Amino acid sequence: MLIDKGPFIFVAMLSVLGSAALLIILVLYFIYEFKQREIW
Amino acid sequence: MLINIMIIVGLGALFIGIGWYLSGTVETADEYILGTGRLGVAFGSASLLAFWITGNTTLAAPESAYTMGILGAVGYGLVGGMGVILFAMLARRIHEVIPHGRTVGDFYRARYDDKNYYLFLVLLMVYVFGLLMTQGIGGGVILEEIFEIPYTLAVVLTFSIVILYTMAGGFRSVAGVAFFQILLILIAVAVIVPYVFFKVGPSNIYEGVLANHPDKLDLLAPAGLLFLTAGTVMGIGEVFMDNTFWQRGYAIRRDRVTPAFIISGIGWIFVPTAVGTLAFIALAEGLEPAHINQVAPMVARQVAGPLAGYMFLVVVWSALLSTAAGSLNALTSLVLNDLIPRYKPKATQVELKRYGMWMTVIFGAIALLLTLPRFLTMLEMLIFLAVINGAFIFPIVFGLFWKRMNTNAAFTAAVVATIVGYYVYYTVGSLQGLVASGWISFLVSIAYSWLQPADFDWEILRHVNIDTTTPGGAK
């Protein structure tokens, strides 16, 4: 059973967007926790 | 080659500087092992991701996509990420039942008896040391084959930089530097992969793979399905047994531990999958790497130019250092918490921290020397060690959640699963050995404990480390 073109491209794009979202989440958490003095 | 060495030395100097800056407030052995124990989501997740995204991850994920197709690409991400997501449940439970623990050794010593504890400790140290060596060997080979840096120089640079910043502040330095390393990795992945993918064109890539290698798009390929099954046991076993995850389970503040592990687990799925998609460009365009693990940097360089190649070096190098540093610190913490207090019961926290610094240097130097001969490959070593990981999954899980889990059942399950796992490993196949180890661990643990149920008192775990101020519970 072969994967179709749509799902194939979706998986590739999802992985890239997920990596970018992870980067944004970590930076936002860093800013929030830095302001709250909760980094360490 | 010179510019590659300069990138490595420059990044190394930056990491050492950050590590030493962050070490300023670390005065006790407890802080050296866990930091303040109140780590937030930002540094907690970053240290989990940085440890678990290894140098191998960034190259083996594209390799598995290149050889096993779509199941290899997605499977690689899922098997590693699921272990971390599942550990979120474990971490919450760990905080509940053994709130003052510091390492996985604390749990195993208090939950089971001496024979279990020493068997676990010996095999865990074999595993952690093996993992540390895989980073050195893998790193040396990767840097030599792909980035033209001589193996010996690559290994010496890797371990020297790791030792210098890890010894300074222990866990605090490792977690702090990991934040910057993971940012570098994610920025590079988020830039290189879409740039390369859209330059070739998503439709062209799919059509090219369909024309040249349709089997790589098969969702039911047997090799891919075996990889998914065995990889799941491997991923979960490594995460559950590895002291690095237990350390972070304690180091992250209790109310943030679940989100930190879930963010890390889900996030981890994306990174190798994204890098893995580069392999489909090679399949579609008919590009053949000289060595199969070079497929991703080769595609990046050929499609996007030398700058993308240098960015890939930053990804691999940062991933490599963070994993080696996490392993070195986990090994030191284990010995510092579980063994040293038995032989130096009157040592103060400050003295123990000094021992920790020396042990970091000694273990790092031993790993460096063992890595130089290059006597095995990284993947062989990881799969070999994963049989041990699989054997301890259920003694750990049932030990945390099920009061009927019998001490002798845990011991029998670990021993029988290890023996049967290695028998299958050598007679049938390495991946089948992992699956056998996991299943035997489950069946023996559950059957033995049903036939002879224990009645464990959870209060024993709640009192670990509260009668003493020294690590390891020494009195």
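Start with chain B: its secondary structure comes to 22 helices and 0 strands (DSSP runs numbered from the N terminus, helices being H or I of at least four residues and strands E of at least two). The radius of gyration of chain B, taken over C-alpha atoms, is 22 Å, close to the 23 Å that the globule rule gives for 475 residues, so chain B is as compact as a globular protein of that length. That rule is 2.2 Å times the number of residues to the power 0.38.

This is a predicted model, where local features need pLDDT of at least 70 and side-chain atom pairs pLDDT 80 or more, while totals for chains, interfaces and linings use all residues. Residues are numbered from 1 along each chain as its sequence is written, with chains lettered from A and ligands numbered from 1 in the order in which they are written.

Show the C-alpha atoms of chain B. They fill a box of roughly 65 × 50 × 40 Å along the principal axes. Buried residues (20 or more other C-beta atoms within 10 Å of their own, C-beta atoms being placed from the backbone) make up 59% of its 475 residues.

Next, select Val189(B), Leu278(B) and Ala279(B). In the largest nonpolar core, of 185 residues, these touch the most other members. Such a core joins buried Ala, Val, Leu, Ile, Met, Phe, Trp, Tyr and Cys through C-beta atoms within 7 Å. Now pick helix α16 of chain B, residues 306-338: with 18 residues, it gives the most to this core.

Zoom in on Ala279(B). Leaving out residues up to four places away in sequence, its contacts (C-beta atoms within 7 Å) include Pro62(B), Tyr66(B) and Val295(B).

Finish between the chains. The contact takes 23 residues from chain A and 36 residues from chain B.

Notes: Two residues are in contact if their C-beta atoms, placed from the backbone, lie within 7 Å. A residue is buried if 20 or more other C-beta atoms lie within 10 Å of its own, exposed if 12 or fewer, and partly exposed in between; C-beta atoms are placed from the backbone.
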